[in-house]
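Subject: Structure handover

Hello,

Please find the sequence and coordinates below. My notes come after them.

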Amino acid sequence: MTEHTPDPVPASLTAPPEMQRDLTRIAWRVDRWIDLGPAAVLAGGTTAAAAAAALMPWADRAAGWEVLLGTATPGPLPWLFALVAGVALVVSGVALLVRFWPLAWAAGAVCGVAAVTGLWAIWARRTGLPADDVGPGLVVEVLAVLVLTGTWARIALSPPGSD
């Protein structure tokens, strides 16, 4: 009597090559979605705080949104920070809503650039003319962007499924 060894995968469970490609593509897409877990609360709250800081005075008694729109001209660095921080807030909001892993990377990168630009803007305002001031909104915005940078970096660098 001959001994029959079973196949590792039964013939009925093997998929045709085109179906295997489709399944691989679907699995690759699913791996790019992230579960933010408790970090979503921190990122959402910080994004809201950064948006509220745009309504506060930044420099020369001008609110952040006035600096962004150019109606107030406290200098090029606060305007550059307002622009980059605005982009960071939009990307962070979209990343929170969509929960797409590449957007988490993008949010972390843009927030990092905004944090450096914001610190540079504060430094430029403090080392400029004695009449230059730094409003509380600029400081709150920079702190919020720094927290967002750390939050998005932790989310983007964590292995999938560890959140």
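What follows is a short account of the fold, the core, the charged residues and one surface patch.

This is a predicted model, in which local features need pLDDT of at least 70 and side-chain atom pairs count only at pLDDT 80 or more, while totals for chains, interfaces and linings use all residues. Residues are numbered from 1 along each chain as its sequence is written, and side-chain values use heavy atoms, with hydrogens and water left out.

Fold. The protein chain has six helices and two strands, taken as DSSP runs numbered from the N terminus (helices: H or I, at least four residues; strands: E, at least two). Their order along the sequence is α-α-β-β-α-α-α-α. Of contacts (heavy atoms within 4.5 Å) between residues at least 6 apart in sequence, 70% join residues at least 24 apart. The accessible surface (Shrake-Rupley method, 1.4 Å probe; for residues, only the protein chains shown count as cover) is about 9800 Å², and 71% of that belongs to carbon and sulfur atoms.

Core. Of the 163 residues, 34% are buried; buried means under 20% relative accessible area, exposed over 50%, and partly exposed in between (1.4 Å probe, protein chains only). The largest nonpolar core has 35 residues, where a core is a set of buried Ala, Val, Leu, Ile, Met, Phe, Trp, Tyr and Cys residues joined through side-chain atoms within 4.5 Å. Residues L36, F81, V145, W152 and I155 have the most contacts inside this core. Two or more core residues come from each of α2 (39-53), α4 (76-98), α5 (101-127) and α6 (136-157), and α4 gives the most, with 10.

Charges. There is one salt bridge in the structure, meaning a side-chain nitrogen of Lys or Arg within 4 Å of a carboxyl oxygen of Asp or Glu. It joins D133 and R125, with the closest N and O atoms 3.4 Å apart. R125 is buried at 3% relative accessible area, whereas D133 is partly exposed at 28%.

E141, in helix α6, is buried but has no salt bridge, and R125, its nearest side chain of opposite charge, is 15 Å away. Leaving out residues up to four places away in sequence, E141 touches A50, A53, A54, W58, F81, A85 and L89.

Surface. V90, V94, L97 and V98 form a nonpolar patch with about 370 Å² of accessible area together. Such patches take residues with over 30% relative accessible area and no salt bridge, nonpolar side chains (Val, Leu, Ile, Met, Phe, Trp, Tyr) being joined within 5 Å and like charges within 9 Å. L97 lies in helix α4 and counts as exposed, at 75% relative accessibility.

Regards

Conventions:
Lys, Arg positive; Asp, Glu negative; His and termini not counted.
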